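Dear colleague,

Please find below the structure that I am handing over to you.

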Amino acid sequence: MEGIQVIGFDADDTLWVNETYFLETEQKLRLLLAPYVDGETVSAELFRTESRNMPLYGYGVKAYILSVLETAICITGGKVPANVLEQILALGKEQLTKPVELLDGVEETLNALVGRYRLIVVTKGDLLDQEQKLRRSGIEHLFHHVEIMSDKTDREYRLLLKHLDIRPEEFLMIGNSVRSDILPPLELGSYAVHIPYHTTWEHEKVDEPVVNPRFFTVDSLWDIISLLP
């Protein structure tokens, strides 16, 4: 990795806990809709609804809750009681105000790298939500730049590199999602490090293994220290 100037960090489930909260909300939704259908049906219908709505709503808690509301209406044939809809909205507000729980080794790793490289956050989702989480995290001051994308595709990464005025081979991206954090940077000629999280959203999973000389997998964020010059 000689020549790396900028290191990009995914936020959700790389710097702090995220998917766990979505799973908790989904379990509560399954209980709310238990009088109508079984939990597996709720989860399957919710994922189909989310996937269908992504081009319109994007990502994040607000987009998720809109899909949850639509799922509840669909599953009940439009008969879902207003008090259930109110409880779903409350679940969304509860998730938006969850405390930011940094993952192990995040502060130590960032402090070891700051000053040696330009550190940036590269995340996707709702702008306000991600900005607020970063402010509450206590680590905002360690980053040179924050990029909140509507999606993580080759195009968005290419625009990011242009904005940073660096070549692809001078950029390293670190994250837990192979689809969003690994494949697009590799496609552009950058480096990528995958840090698997114990749970991954189904939409972010890929079937084929990644084979690329610029790709690495580590067990924890601190492990990247040994990969860098």
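**Findings**

His163 is found in helix H7; helices (H or I, at least four residues) and strands (E, at least two) are DSSP runs, numbered from the N terminus. This is a predicted model, in which local features need pLDDT of at least 70 and side-chain atom pairs count only at pLDDT 80 or more, while totals for chains, interfaces and linings use all residues. Residues are numbered from 1 along each chain as its sequence is written, and side-chain values use heavy atoms, with hydrogens and water left out.

With a relative accessible area of 54%, His163 is exposed (buried means under 20% relative accessible area, exposed over 50%, partly exposed in between, with a 1.4 Å probe and protein chains only). From C-alpha to C-alpha, His163 and Ala72 are 42 Å apart in space, and they are 91 residues apart in sequence.

**Salt bridges**

The whole structure holds 14 salt bridges, each being a side-chain nitrogen of Lys or Arg within 4 Å of a carboxyl oxygen of Asp or Glu. One of them joins Asp12 to Lys133, with the closest N and O atoms 2.9 Å apart. Asp12 lies in the loop between E1 and H1 and Lys133 in helix H6 (residues 127-137), so this pair ties together parts that are 121 residues apart in sequence. Both Asp12 and Lys133 are buried.

Another salt bridge links Lys28 and Glu94, whose closest N and O atoms are 3.2 Å apart. Because Lys28 lies in helix H1 and Glu94 in helix H4, the pair ties together parts that are 66 residues apart in sequence. Lys28 counts as partly exposed at 34% relative accessibility, and Glu94 counts as partly exposed at 34%. These two residues belong to a network of salt bridges that links Glu24, Lys28, Glu94 and Lys98.

Within helix H2 (residues 39-57), Arg48 and Glu45 lie three residues apart, about one turn of the helix. They form a salt bridge in which the closest N and O atoms are 2.9 Å apart. Arg48 is partly exposed, at 46%, whereas Glu45 counts as buried, at 14%.

**Two loop residues**

Phi of Asp13 is near 70 degrees, a positive value in a residue other than glycine; Asp13 lies in the loop between strand E1 (6-9) and helix H1 (19-32) and counts as buried, at 7% relative accessibility. Phi of Asp165 is positive too, near 60 degrees. Asp165 sits in the loop between helix H7 (154-164) and strand E4 (171-175) and counts as exposed, at 67%.
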